[in-house]
Amino acid sequence: FPLALQVKNKAPAEVQITAEQLLREAKERELELLPPPPQQKITDVEELNDYKLRKRKTFEDNIRKNRTVISNWIKYAQWEESLKEIQRARSIYERALDVDYRNVTLWLKYAEMEMKNRQVNHARNIWDRAITTLPRVNQFWYKYTYMEEMLGNVAGSRQVFERWMEWQPEEQAWHSYINFELRYKEVDRARSIYERYILFAALVLVHPDVKNWIKYARFEEKHSYFAHARKVYERAVEFFGEEHMDEHLYVAFAKFEENQKEFERVRVIYKYALDRIPKQDAQNLFKNYTIFEKKFGDRRGIEDIIVSKRRFQYEEEVKANPHNYDAWFDYLRLVESDADAETVREVYERAIANVPPIQEKRHWKRYIYLWINYALYEELEAKASERTRQVYQACLELLPHKKFTFAKMWLLYAQFEIRQKNLPLARRALGTSIGKCPKNKLFKGYIELELQLREFDRCRKLYEKFLEFAPENCTSWIKFAELETILGDIDRARAIYELAIGQPRLDMPEVLWKSYIDFEIEQEEYERTRNLYRRLLQRTQHVKVWISFAQFELSAGREERLPRCRQIYEEANKAMRSCEEKEERVMLLESWRSFEDEFGTDATKERIDKLMPEKIKKRRKLQAEDGSDAGWEEYYDYIFPEDTANQPNLKLLAMAKLWKKQQQESEAAAGDPDKDIDESQT
């Protein structure tokens, strides 16, 4: 290569162009609108012939490239048609049919061209060829019959329909033929078509559907041939028999007879169908039968029929599985809505006789509601208080109280006795429940009852029994103390709190201590409150306790509140220096800083700022459950100022950071010549 052509600068260009950018620009330029081609005006015959020659050559070239693309043939023929060259267009369509005679669009365009140019015989010829070649294309038949009907050739259209019916087409074709005859008032011909459609052996095998019989019968009914319509329904019932019964047929038959005011016939039809069709397939039949009876019959009679049918279904379910309590609930709901009290009691007795075979509470949870519903029915519906009491007592005797019990049942029984104004029996029931099977819910219900009756001495005794049973229940201690507070016995309330916090095991001690502290604050016993906080801090050094203590001192409302609050923060900070949870200490310092920001001086603010830790990011090695290496994990740690003073490694790290910062500053200064001159002068 000559030297002039050699690339001297082989460095990369400043602006790099990626392949993605090139493709995007090419795609964007595709969307740019091209200017329209110039409009060509043809002024004489020679130019026209030249234009035709060029266009025909283009079309022929496209066809020669790919003969199977039918759209090219259609465009060619439509162009010739636009020039009124019908013979040429016809020739193109014929050539296209030689290529693909199964193309439906091609036949349609060909026939439409002939019809558009009023070439009726040519169009008939094309349609005949189309339906002969492709007899299963319904569109050809529809177009052909429509053309003949538009031309007024009714006989020709009927002849085309007859040819079509020989091919046993789909259902819509038959209805089109029937509608065609009805448009010209040919009812007898339409009936004969229905007969062929329904009865001819081939057609029956093709369309053995109920709706076709119903349409035939409605056709007869519409034209007032009621005897014929009834006969069609009867033939349909006979044809389908009992093996293939369909509720829609019987509903339509019954509605027809209802329109004819033959109410007895309607009843016979409905009863005949209901006795033979499976219940799950006769929902619509039941619905229509009910509507009919409400309109024309005895309401009680139809309700009895429907209830008996549903009762039969539920009887089958509970026989199949007697422990299916959901089925019993549905059955009882049905019986309660219609039957008398004795029948309802009988069903309830049968239901509660199915005791769960396993004495585990989870198996009894659904069963116990049978007893509850039974008792509520006797009380609310039957108004039999003595029978209600017997139901409750029988249920409570049945329950295995040594293994488990249902507090709901005891409480419902006690509430029932209260409604009957029989307070001793209610107390006896609840006392028996606490003696046999004590539960938190029973104690709470009994105490609530006595509170409503304002029997405070009984409440005290119950609370004592309750706390003997569950001394770890903090809620009970708090409620007991609140009761004494309401009654004005502050010393008893304080003694209860002291007993509570002295328990060796509590479920929610923090709630109990908070309640005790709030109680003393409400009594404005600030010294007692401080002592409580000190006693609590002897048990736990939790940061929330310190913060709460400090906030209490702040809200005490005295002149020395700020020094006291600051002193609490000082003690808390010293106590938590050995705490492993650094986040808690940070939380304490944040609370302290908020206090100083609001009430402190510049000196105290500066002091707390010096106590704030430095937040740094660290890494630690992780291990999986099987002991293998699971990689590294980043976490944040806090370094407090006193930790830095005690650990020489941290001092070394700080000195290294300072040295690195000085190195960076010196390098930056070396790059600035003016700064070098100033430094040399200095």
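Where is arginine 118 found? I looked it up and found arginine 118 in the loop between α5 (104–116) and α6 (120–133). I note at the start that this is a predicted model.

I stayed with arginine 118 and read its backbone. Its phi is near 60°, a positive value in a residue other than glycine. Most residues other than glycine have a negative phi, so I wrote this one down. I then checked its surface. Arginine 118 has a relative accessible area of 73%, and the cut-off for exposed is over 50%, so arginine 118 is exposed.

I turned to lysine 383, which sits in the loop between α21 (368–381) and α22 (385–398). Lysine 383 is not a glycine either, and its phi is positive, at about 55°. Is lysine 383 buried or exposed? I found 65% relative accessibility, and lysine 383 therefore counts as exposed.

**Entry: the chain as a whole**

I stepped back to the protein chain. I read off 37 helices and two strands as its secondary structure. The chain has 682 residues, and buried residues make up 37% of them.

**Entry: α7 and α8**

I looked at helix α7 (residues 138–150) and helix α8 (residues 154–165) as a pair. Their axes come within 8 Å and cross at roughly 160°. Angles over 145 degrees count as roughly antiparallel, so α7 is roughly antiparallel to α8. I noted the crossing of α7 and α8 as left-handed.

Which residues make the contact? On the α7 side I listed Asn138, Trp141, Tyr142, Tyr144, Thr145, Glu148 and Glu149. On the α8 side I listed Gly156, Ser157, Val160, Phe161, Arg163 and Trp164.

**Entry: α18 and α19**

I next took helix α18 (residues 325–338) and helix α19 (residues 341–352). They pack at an angle of about 170°, and their axes are 9 Å apart. α18 and α19 are therefore roughly antiparallel to each other. From α18 I recorded Trp328, Tyr331, Leu332, Val335 and Glu336. These meet Thr343, Val344, Val347, Tyr348, Arg350 and Ala351 in α19.

**Entry: arginine 230**

I found arginine 230 in helix α13 (residues 226–240). Its relative accessibility is 18%, and buried means under 20%, so arginine 230 counts as buried. What does the side chain of arginine 230 join through a polar contact? I found the side chain of glutamate 257, at 2.9 Å.

I then listed what arginine 230 touches, leaving aside neighbours within four places in sequence. The contacts are Phe253, Phe256, Glu257, Gln260, Glu262 and Arg265.

**Entry: asparagine 284**

My last stop was asparagine 284, which lies in helix α16 (residues 283–296). I read a relative accessible area of 29% for asparagine 284, which makes it partly exposed. Not counting residues up to four places away in sequence, asparagine 284 touches Glu247 and Val251.

How far apart are the C-alpha atoms of asparagine 284 and histidine 248? I found a separation of 8.1 Å, for two residues that are 36 residues apart along the chain.

Notes
Residues are numbered from 1 along each chain as its sequence is written. This is a predicted model: local features need pLDDT of at least 70, side-chain atom pairs count only at pLDDT 80 or more; totals for chains, interfaces and linings use all residues. Side-chain values use heavy atoms; hydrogens and water are left out. Helices (H or I, at least four residues) and strands (E, at least two) are DSSP runs, numbered from the N terminus. Buried means under 20% relative accessible area, exposed over 50%, partly exposed in between (1.4 Å probe, protein chains only). Contact means heavy atoms within 4.5 Å. A polar contact is a pair of N or O atoms within 3.5 Å; within protein, one must be able to donate a hydrogen and the other to accept it, and residues adjacent in sequence count only if both atoms are side-chain atoms. Axes are lines fitted to C-alpha atoms, for helices over the stretch in contact, and angles run from 0 to 180 degrees between N-to-C directions. Angles under 35 degrees count as roughly parallel, over 145 as roughly antiparallel, 65 to 115 as roughly perpendicular and the rest as oblique. A crossing is left-handed if the near helix is turned anticlockwise from the far one by less than a right angle, and right-handed if clockwise.
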